[in-house]
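Here is a short note to read beside the model. Please keep the structure open while you go through the points.

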Number of protein chains: 2
Amino acid sequence: MIQKLEAAERAEALAKLEGWSSVEGRDAITKVFKFGDFQEAFAFMTRSALLAERMNHHPEWSNVYGTVTVTLATHVVDGVTAFDIRLAEGMNRFAG
Amino acid sequence: MIQKLEAAERAEALAKLEGWSSVEGRDAITKVFKFGDFQEAFAFMTRSALLAERMNHHPEWSNVYGTVTVTLATHVVDGVTAFDIRLAEGMNRFAG
């Protein structure tokens with residue numbers, strides 16, 4: 001059974017994840033990705049979607065032209081788990 | 001130059017667009033699309049993204065698992081134009 005990260009693990013993982021921060025008032029992490037245009041943004045979303053589907057762990061996200069805002073949390077435990085960290089790492093990699 | 005739809009045109013177009021409604025406090029239209037899972041939702045988004053790119057007219061949208069919430073407006077005129085209606089029609093078609 002997947003478990004929420006403990007405070008120290010969560011802080012350590014987040015410190016290594018460039019651009020991600022904690023969501024106010026909710027146990028989740030968030031990042032705003034900026035791209036040059038819609039095509040680049042959607043290419044990033046497509047690659048992220050394939051990873052999410054492979055992991056069976058999906059983002060909450062929105063897109064306006066070149067901007068993609070992502071929030072990650074693990075619904076079954078209502079908090080941040082290793083799955084969120086792994087998906088966030090993948091997204092950072094895809095964003096270059 | 002693309003122009004905002006006049007009130008009567010806008011109302012007529014919206015009446016034909018199943019599930020779309022006006023956004024409160026903004027000249028834009030919105031619809032929430034519901035799918036069975038993330039894979040179906042993202043397939044819809046991919047097809048919509050290709051149409052958007054072809055039209056060079058892009059949605060504002062968010063996705064959580066099987067739900068896709070779309071807002072359409074034409075930024076250069078800060079309102080609803082024929083482009084929004086065309087993109088909305090395409091999205092309805094893609095959603096089946």
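1. Start with Arg10(A). Leaving out residues up to four places away in sequence, Arg10(A) touches Leu5(A), Ser22(A), Asp27(A), Ala28(A), Ile29(A) and Val80(A). Contact means heavy atoms within 4.5 Å. Arg10(A) lies in helix H1 of chain A, residues 7-16. Arg10(A) is buried, with a relative accessible area of 15%. Buried means under 20% relative accessible area (1.4 Å probe, protein chains only).

2. A word on the basis. This is a predicted model, where local features need pLDDT of at least 70, side-chain atom pairs count only at pLDDT 80 or more, and totals for chains, interfaces and linings use all residues. Residues are numbered from 1 along each chain as its sequence is written, chains are lettered from A in the order in which they are written, and side-chain values use heavy atoms, without hydrogens and water.

3. Now chain B. How do the axes of helix H2 (residues 38-55) and helix H3 (residues 82-94) of chain B cross? They come within 10 Å and cross at roughly 150°. H2(B) and H3(B) are therefore roughly antiparallel, a term for angles over 145 degrees. Among the residues making this contact are Phe44(B) and Leu51(B) of H2(B), and Phe83(B) and Met91(B) of H3(B). The contact residues divide into 8 nonpolar, 2 polar and 2 charged.

4. Last, the two chains together. Their contact takes 16 residues from chain A and 16 residues from chain B. Chain A and chain B bury about 1,400 Å² between them, 69% of it on carbon and sulfur atoms. Buried area is the accessible area (1.4 Å probe) that two parts lose on being put together, summed over both. In chain A, Phe38(A), Phe42(A) and Trp61(A) lose the most area to chain B, together 36% of what that side buries.

Technical notes: Helices (H or I, at least four residues) and strands (E, at least two) are DSSP runs, numbered from the N terminus. Buried means under 20% relative accessible area, exposed over 50%, partly exposed in between (1.4 Å probe, protein chains only). Axes are lines fitted to C-alpha atoms, for helices over the stretch in contact, and angles run from 0 to 180 degrees between N-to-C directions. Angles under 35 degrees count as roughly parallel, over 145 as roughly antiparallel, 65 to 115 as roughly perpendicular and the rest as oblique. Ala, Val, Leu, Ile, Met, Phe, Trp, Tyr, Cys and Pro count as nonpolar, Asp, Glu, Lys and Arg as charged, and the others, Gly among them, as polar.
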